[in-house]
Amino acid sequence: MVALATALIPGPAAAAPAVSVVATGFSSPRGVALFHGQLLVAEAGTGGAFCDAAPPNMTICIGRTGQISSVNLANGNHTPLVAGLFSATEFHGGPPEALGPEGLSVSEGRVLNILGVYPQAFGGIHCGASPDCAQTLATAQAEAGHLISVGPNGGWRSVASVGSYDFNWTATSGIPGQEIDPNPYGVLAAEDGAYVADAGSNTLDFVSESGAISVRNYFPFRQNAFPTDEVPTCVARANDALFVASLSGHLYKVHKGSATLVPLPLLKHVTGCTVGHDDTLYLVNMWTNAGTPQPFTGNVVQYKPDEGRSAVVAGNLDLPNMITAGRGALYVSADSICPATGIPNLCPLGGSVLKISVPNE
């Protein structure tokens, strides 16, 4: 069982939020969203059997192990709602990084999921004479970077190829030092479309209902940022503004086209955010130590924009990733680098989803 501890909300009458495990056995869990009484979980998967070297010093393996699962909150049982989505793993010499189904957002009966990276990323993979590899490669190139709309029966359609758009945008932007490596990661459904935080192109994009894409904001490199640039990972709406958070530990308030940095020292390496009761913002630090991620250093930060107050509501979490609020609690994906079969001494039960009971949610 994953060891968990929680941090107290400041105040003499505040109680420690209860943290419990809702379900385990997920494969690189990312986005979470409530839909028709079920909890949906996007799983980036474990790549697949078809691998090829990629510069510099990296190996990419592709497969169709990405999926979106539906979780019964009463007993934790989960089954795939959408299976066979593209998944890729990148090996840099350490634990593999899974790429596939990432952020989830639900609004007005729509389920939106953003798939990571971009089609051009797989142009260098060589399949030889293998028809299975060729078919898997075609799936990766057809799905990578797409915003998809999912129906309640598991059927889905592509709304727009955000990754491909951002690839072309960064390639022609002329921004000094900007790498051409889109990775659309966080999504927020809106009345007239959706917002997408692209962690690779460092942009906040808007996708209209017709699939038209535009870059609304670019987040430039800030001195002493980790890893090397902003890496926006999530977007949420509170009051009349959007809030975009980044892996480098920054929070931006985006209002009427301008992005203003919000001083929030509790943020370290944010991968997910959501808005709960009374426009309270909740943000997930995947890890809080300096440098590369360390297990059981993640936490969830509560921020009240109207009051400017922030607090840690749950700590010592193992590589948490994304978050949603509803049904009187917060739901957080955790053990987010773990396959469904688990990793001994880290996440023996695989990826998980946690429930955090927070007052007023």
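1. Let me start with Cys234, which is buried at a relative accessible area of 4%. Buried here means under 20% relative accessible area, exposed means over 50%, and partly exposed is in between, with a 1.4 Å probe and protein chains only. Please keep in mind that this is a predicted model, in which local features need pLDDT of at least 70 and side-chain atom pairs count only at pLDDT 80 or more, while totals for chains, interfaces and linings use all residues. Residues are numbered from 1 along each chain as its sequence is written, and side-chain values use heavy atoms, with hydrogens and water left out.

2. Cys234 is joined to Cys273 by a disulfide, S to S 2.3 Å, where a disulfide is a pair of cysteine sulfur atoms within 2.5 Å. The link of Cys234 and Cys273 is right-handed, with 125 degrees about the S-S bond. Cys234 belongs to strand 16 (residues 232–238) and Cys273 to strand 20 (residues 270–275), so the pair ties together parts that are 39 residues apart in sequence. Helices (H or I, at least four residues) and strands (E, at least two) are DSSP runs, numbered from the N terminus. Cys273 is buried too, with a relative accessible area of 11%.

3. How many disulfides are there by this rule? The count comes to 4. Counting bonded cysteines along the chain, the pattern reads 1-2, 3-4, 5-6, 7-8.

4. Another disulfide joins Cys51 to Cys61, S to S 2.0 Å, and its link is right-handed, with 110 degrees about the S-S bond. Cys51 sits in strand 4 (residues 50–54) and Cys61 in strand 5 (residues 58–71), so this pair ties together parts that are 10 residues apart in sequence. Cys51 counts as partly exposed at 40% relative accessibility, whereas Cys61 is buried at 6%.

5. Cys338 and Cys347 also form a disulfide, with their sulfur atoms 1.9 Å apart. Which hand does the S-S bond of Cys338 and Cys347 have? The torsion about that bond is about -105 degrees, so the disulfide is left-handed. Cys338 is buried, with a relative accessible area of 0%, and Cys347 is buried with a value of 0%.

6. Thr89 is found in strand 6 and is buried, with a relative accessible area of 5%. Leaving aside neighbours within four places in sequence, Thr89 is in contact (heavy atoms within 4.5 Å) with Thr46, Gly47, Thr59, Ile60, Cys61, Pro96, Glu97 and Ala98. The list includes Cys61, the buried cysteine of point 4.

7. Now for the aromatic rings. The structure holds 5 aromatic pairs, one of them being Phe86 with Phe122, which is edge-to-face at 5.8 Å centre to centre and 75 degrees between the planes. Rings of Phe, Tyr and Trp (its six-membered ring) pair if their centres lie within 6.5 Å; planes under 30 degrees apart count as stacked, over 60 as edge-to-face and the rest as tilted. Phe86 lies in strand 6 (residues 78–91) and Phe122 in the loop between strand 9 and helix 1 (131–143), so the pair ties together parts that are 36 residues apart in sequence. Phe86 and Phe122 are both buried.

8. Phe86 and Phe122 turn up again in the largest nonpolar core. Such a core is a set of buried Ala, Val, Leu, Ile, Met, Phe, Trp, Tyr and Cys residues joined through side-chain atoms within 4.5 Å. Of its 28 residues, Ile60, Ile62, Ile68, Phe86, Leu104, Val117 and Phe122 touch the most other members. Two or more residues each come from strand 2 (29–35), strand 3 (38–43), strand 5, strand 6, strand 9, helix 1 and strand 10. Apart from this core lies another, of 17 residues, among them Cys234, Val262, Val301 and Val312.

9. Four strands form an open sheet, of 4 strands in the order 8-9-10-11, with antiparallel pairing; two strands pair if DSSP finds at least two bridges between them. Strand 8 (101–107) and strand 11 (156–161) are at the edges, each with a single partner strand, so one side of each is left without a neighbour in the sheet. Strand 10 (residues 146–150) pairs with strand 11 over 5 bridges, in the antiparallel sense, and Val150 has Trp156 of strand 11 as its bridge partner.
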